[in-house]
Amino acid sequence: MSEVETANDQTPAPKRKEKKPSRSQLRSASRRLALQAVYQWQMNQSAVSEIETQFVIDQDRDMDSCDKVYFRELLQGVTASAKKLDALFEELLDRPLSELDPIELAVMRIGAFELSQRLDVPYRVAINESVELAKGFGATESHKYVNGILDKLAQRVRREEIAARRDANKESNK
């Protein structure tokens, strides 16, 4: 082997640039962190500003991998309108609100907030993201329950969007 070949074998490979997370990945991370923050708020009724500050300064939480603005909007919006959000899905439940698992409640509040207040988020995304949160943090079958409740809620609060999607699917199947 020549000296040139030996030197090339010892040269470290160039570092790959890390891909920037997509907007959807950033928002998914925001939802995960918002779930944890809303859960904390539900459990100890701390001031939302204190919880938000804890999340921002806590080195164990990777706030750099989320959309911080969206995290804040979710946390502020869900906690400020929790009673209104609960009213949106409470009659769809098969048990009293007080008997819901706290994780399920937090997930459904986030899902209800996105369905009712964030019309820029497609209803299917809001439901799917909530289901994924329930799978990751909730009880074994809670994702099925969350899916059923939020699907029924979407039928009420996103009627036009669902109808338009259904019509578009009919057209594409012709």
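How much space lies in the largest pocket? About 160 Å³, a volume being the space filled by probe spheres set on grid points joined across faces, edges and corners. A pocket here is an open set of points on a 1 Å grid over the protein atoms alone, where a 1.4 Å probe fits, with protein on both sides within 12 Å along at least five of seven lines; lining residues have an atom within 4 Å of a point.

Before going on, note that this is a predicted model: local features need pLDDT of at least 70, side-chain atom pairs count only at pLDDT 80 or more, and totals for chains, interfaces and linings use all residues. Residues are numbered from 1 along each chain as its sequence is written, and side-chain values use heavy atoms, with hydrogens and water left out.

Now for the fold: the chain has nine helices and zero strands (DSSP runs numbered from the N terminus, H or I of at least four residues for helices, E of at least two for strands). Buried residues, those under 20% relative accessible area with a 1.4 Å probe and protein chains only, make up 40% of the 174 residues.

Back at the pocket, helix 2 (23-44) and helix 7 (123-137) each supply at least two lining residues, and helix 2 gives the largest share, five. Among the lining residues are Arg 23, Arg 27, Asp 120 and Glu 129.

Technical notes
Buried < 20%, exposed > 50% of the residue type's maximum accessible area, 1.4 Å probe, protein only.
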